Amino acid sequence: MNNYIPSKVKDLTASRQRVMRNVLKEIELNEERPKYKWRYVVISALLTMSAVLFVLNESIMENEQQSATELPLDLTKPTFSEEQGLLYLNGVTLGDSQSKVIESLGGNYSVEYQEDGSIADLIFDYDGKARFYFYNDKLDLIIFQKTDEKNFDKFFNDFDGIKVISSTDADRFIYSKETSHILKATFVPNGNLYLYLSYAGPDLLENRDFLNLVQDEILESHDSYDLNIDSPNYYPLEELVKMTPEELIKIGYPNPYEFQ
């Protein structure tokens, strides 16, 4: 048996203390790490929720502003205007595109693709109050079906252009010589006032009051053309509208494309 006895025993107190400190430090670090991770998770979640709430709030405010600025469209009281011979109802006129109608009257319409007696290949119907007829992607006819009479009366009385009331007082017309736009107002059997905006056609030849008025306007405006009823060059309006541009040029009519 080895009976060796060391002469001196090392003092391990300092080593033990150092080990204990390292162990305690490691324990503390392990306890702190999860806290930092959860803090980051909470902060990220709060930032995400704040961003979502901000976007939602902006969207709600934008919708409220649009609702406040958009007035309900009353199709019983259409607006009327005339610019350079073009007649407008609610900001649209003949020849306009489908997008122009939607921009002016909104998208609350139903679609039809044909109607008996019409050449239209597409029809927008706005709740049975207004109809817009398109042919080859161009607006060809407008009908307002429940027009407020007082609203139209004011426009008709204030209009400075060509206008006429039929001898029976049943129909009223507004006509543009420059564009051949014709606005007709008439009462239908159910009592509703209908407005028709279209191009002047042969059917107007049946209305003698309208023909007489337009012919008077032509007599006053076309000084270079001999329309004296005693002259052999005089042609009634019924005949003029049936002539081709070439025939009108031949007889010296100043605006050969007026009736096209």
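Guide: What follows is a talk about the sheet, the helices, the rings and the charged pairs of this predicted model.

Visitor: Start with the sheet: what is the order of its strands, and how do they pair?
Guide: The eight strands form an open sheet in the order 3-4-5-6-10-9-8-7, and the pairing is antiparallel.

Visitor: And which are the edge strands?
Guide: Strand 3 and strand 7, the latter covering 162–165, are the edge strands, and each of them pairs on one side only. Across this sheet, neighbouring strands are turned against each other by 15° on average, with direction ignored.

Visitor: Over how many bridges do strand 7 and strand 8 pair?
Guide: Strand 7 pairs with strand 8, residues 171–175, over four bridges in the antiparallel sense.

Visitor: Where does helix 2 pack?
Guide: Helix 2 packs on the sheet, where it touches strand 4, strand 5 (130–135) and strand 6 (138–147), and its direction makes about 5° with that of strand 4.

Visitor: Then which strands does helix 3 lie across?
Guide: Helix 3, residues 149–158, lies across strand 6, strand 7, strand 8, strand 9 (181–187) and strand 10 (193–199), and it runs at about 45° to strand 8.

Visitor: Switching to rings, how many aromatic pairs does the structure hold?
Guide: There are 11 aromatic pairs in the structure. One of them joins Tyr109 and Phe124, whose ring centres are 4.1 Å apart with the planes at 25°, so this pair is stacked.

Visitor: Why does that pair tie together separate parts?
Guide: Because Tyr109 lies in the loop between helix 2 (98–105) and strand 3 (110–112), while Phe124 lies in strand 4 (residues 122–126), the pair ties together parts that are 15 residues apart in sequence.

Visitor: Is Phe124 buried or exposed?
Guide: Phe124 is buried, with a relative accessible area of 3%, whereas Tyr109 is partly exposed at 26%.

Visitor: What about Tyr109 and Tyr126, how are their rings placed?
Guide: The ring centres of Tyr109 and Tyr126 are 5.5 Å apart and the planes stand at 45°, so that pair is tilted. Tyr126 lies in strand 4 and Tyr109 in the loop between helix 2 and strand 3, so the two tie together parts that are 17 residues apart in sequence. Tyr126 is buried, with a relative accessible area of 3%.

Visitor: Which residues do ring pairs link into a cluster?
Guide: Ring pairs link Tyr109, Phe124, Tyr126, Phe132, Phe134 and Phe144 into a cluster.

Visitor: And which charged ends sit over the ring of Phe156?
Guide: The charged end of Lys163 sits over the Phe156 ring, 5.5 Å from its centre, and the charged end of Arg172 also sits over that ring, 5.6 Å from its centre.

Visitor: Now salt bridges, how many turn up?
Guide: A search of the whole structure finds five salt bridges. In one of them Arg131 is paired with Glu112, and the closest N and O atoms are 2.9 Å apart.

Visitor: Is Arg131 buried or exposed?
Guide: Arg131 counts as buried at 8% relative accessibility, while Glu112 is partly exposed, with a relative accessible area of 27%.

Visitor: How does Glu115 come into it?
Guide: Glu115 also forms a salt bridge with Arg131, the closest N and O atoms being 2.7 Å apart. This pair links distant parts of the chain, since Glu115 is in the loop between strand 3 and strand 4 and Arg131 is in strand 5, 16 residues apart. Glu115 is partly exposed, with a relative accessible area of 30%.

Visitor: So which residues are linked in a network of salt bridges?
Guide: The network of salt bridges links Glu112, Glu115, Asp125 and Arg131.

Visitor: Last one: where do Lys154 and Asp158 lie?
Guide: Both lie in helix 3, four residues apart, which is about one turn of the helix. Lys154 and Asp158 form a salt bridge with their closest N and O atoms 3.1 Å apart. Lys154 is exposed, with a relative accessible area of 55%, and Asp158 counts as partly exposed at 48% relative accessibility.

Definitions and conventions. Residues numbered from 1 in each chain as written. Predicted model: local features only at pLDDT ≥ 70, side-chain atom pairs only at ≥ 80, totals over all residues. Heavy atoms only, no water. Phe/Tyr/Trp six-rings, centres within 6.5 Å; stacked < 30°, edge-to-face > 60°. Buried < 20%, exposed > 50% of the residue type's maximum accessible area, 1.4 Å probe, protein only. Lys NZ or Arg CZ within 6 Å of the ring centre and 35° of its normal. Pairing = 2+ DSSP bridges. Axes fitted to C-alpha atoms, helices over the stretch in contact; angles between N-to-C directions. Contact = heavy atoms within 4.5 Å. Salt bridge = Lys/Arg side-chain N within 4 Å of Asp/Glu carboxyl O.
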